[in-house]
Amino acid sequence: MPLYNQDLEQNPPTAVHDLHQQILQADGLLIAAPEHNAATPAALKNVIDWMSRMPAGAGLSGKAIAVAGASP
């Protein structure tokens with residue numbers, strides 16, 4: 001997933017567009033990731049940034065979402 005770039009919001013990269021379409025079609029999401037330095041991993045935060053800023057709607061609003069984390 002490319003790094004979030006506000007300049008590309010109106011014409012997102014293919015990988016971002018493809019993930020957005022998959023999320024729009026899903027009934028719900030399971031987000032699972034290990035923590036990194038006691039926080040959300042940067043790569044996951046990047047994906048959430050992209051999906052929350054998509055021009056056609058994030059598809060996250062009103063969708064069942066579960067979040068799981070892991071810590072040593």
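Here are some exercises on the predicted model above, each with a worked solution.

Residues are numbered from 1 along each chain as its sequence is written. In this predicted model, local features need pLDDT of at least 70 and side-chain atom pairs count only at pLDDT 80 or more, while totals for chains, interfaces and linings use all residues, and side-chain values use heavy atoms, leaving out hydrogens and water.

**Exercise 1. Getting your bearings**

Find how many helices and strands the protein has, and the pattern they follow along the sequence.

*Solution.* 
- Step 1: The protein has 2 helices and 2 strands. Both kinds of element are DSSP runs numbered from the N terminus, where helices are H or I runs of at least four residues and strands are E runs of at least two.
- Step 2: Reading along the sequence gives α-β-α-β.
- Step 3: For the overall extent, the C-alpha atoms fill a box of roughly 40 × 25 × 15 Å along the principal axes.
- Step 4: Of the 72 residues, 17% are buried. Buried means under 20% relative accessible area, exposed means over 50%, and partly exposed is in between (1.4 Å probe, protein chains only).
- Step 5: Now take the contacts (heavy atoms within 4.5 Å). Among those with a separation of 6 or more, 81% join residues 24 or more positions apart.

**Exercise 2. One side of a helix**

Which residues of H2 are buried, and what do they pack against?

*Solution.* 
- Step 1: The buried residues in H2 are Asn46, Trp50 and Met51.
- Step 2: These residues lie on the same side of H2, because they cover an arc of only 130 degrees around the axis. The arc is that of the directions from the helix axis to the C-beta atoms.
- Step 3: Their packing partner is H1.

**Exercise 3. The aromatic pair**

Locate the aromatic pair and describe its geometry.

*Solution.* 
- Step 1: Rings of Phe, Tyr and Trp (its six-membered ring) pair if their centres lie within 6.5 Å; planes under 30 degrees apart count as stacked, over 60 as edge-to-face and the rest as tilted.
- Step 2: A search of the whole structure gives 1 aromatic pair. Its members are Tyr4 and Trp50, with 5.2 Å centre to centre and 70 degrees between the planes, and the pair is edge-to-face.
- Step 3: Tyr4 belongs to the segment before H1 and Trp50 to helix H2, so the pair ties together parts that are 46 residues apart in sequence.

**Exercise 4. The salt bridges**

*Solution.* 
- Step 1: A salt bridge is a side-chain nitrogen of Lys or Arg within 4 Å of a carboxyl oxygen of Asp or Glu.
- Step 2: One joins Arg53 to Glu9, with the closest N and O atoms 2.9 Å apart.
- Step 3: Arg53 is partly exposed at 40% relative accessible area, while Glu9 is buried at 10%. Beyond four places in sequence, Glu9 touches Tyr4, Arg53 and Pro55.
- Step 4: Lys45 bridges to Asp49, and here the closest N and O atoms are 2.6 Å apart.
- Step 5: Lys45 is partly exposed at 43%, and Asp49 is partly exposed at 21%.
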